[in-house]
Structure formats: structure tokens, C-alpha cells
Amino acid sequence: EMENPVPATTAEVNGVTLTYRDAHYRFVPDDYEKSDEEKQQEKNGELVISYYGSDEVEDKMFQSVLWEQDGVTYLISGFDTGLDAQTMFDMAAELVK
């Protein structure tokens, strides 16, 4: 459970709650120093900084839809997909029976 979760959009399909998030990830080198602005953005849930052994700073948007059904958690996700909540909800709805 993230301390400051990225703001979420939810939808309901057949009694199952789908949760969509559009998160801004910044991949940074191990010696990267966060700015005060970045720290604030992290607090606000606007940015996720990931020390991922990247040589350079890379910004990506991570779109995801998460849901749980019969004790199983499902996730559809991708970086820079360009898909909005409705499109991803429609994709997920195909899988929710």
C-alpha cells in the first residue's frame, strides 16, 4: 500500500470495482538527488521517482487498471500507452465475467 497513492478513477463492472491510475514515473540514476519540488510532487502523489539503475533521467507515464475477483488480483498496465481510463475500463470489462 503506497503512502500517497496516485489519484485513482474507479468504475464498476458486474459488481467488480476497477481502479485506473495514470502515474508519472521518473527513472533516475542511483546517485540522483531529488529537488524540493520533486519531493513535494511525490508527497502529492503526482510523481513516482524510481532508482532503477538508469544512466539518465527518463520520464514515463504508467497507465494501469487493477481489480480483484474471486480472490485473484488482475492488472492491465503499460508505459506511455496513451490510453485513457475509459479505454482501459473497456479492455478490463472484457475480462470481468
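In which strand is the place of Thr 73? Thr 73 sits in strand β5, residues 72-79; strands here are DSSP runs of E with at least two residues, helices are runs of H or I with at least four, and both are numbered from the N terminus.

Before I continue, a word on the basis. This is a predicted model, in which local features need pLDDT of at least 70 and side-chain atom pairs count only at pLDDT 80 or more, while totals for chains, interfaces and linings use all residues. Residues are numbered from 1 along each chain as its sequence is written, and side-chain values use heavy atoms, with hydrogens and water left out.

Leaving aside neighbours within four places in sequence, Thr 73 is in contact (heavy atoms within 4.5 Å) with Leu 66, Trp 67 and Glu 68.

Trp 67 leads us to the core. The largest nonpolar core has twelve residues, among them Trp 67, Ile 76 and Met 88. Such a core is a set of buried Ala, Val, Leu, Ile, Met, Phe, Trp, Tyr and Cys residues joined through side-chain atoms within 4.5 Å. Two or more residues each come from β2 (16-28), β4 (58-69) and α2 (85-95), and α2 supplies the largest share, four residues.

Why is Glu 38 counted as buried? Because its relative accessibility is 6%, and buried means under 20% relative accessible area, with exposed over 50% and partly exposed in between (1.4 Å probe, protein chains only). Beyond four places in sequence, the contacts of Glu 38 include Arg 26, Tyr 32 and Leu 47.
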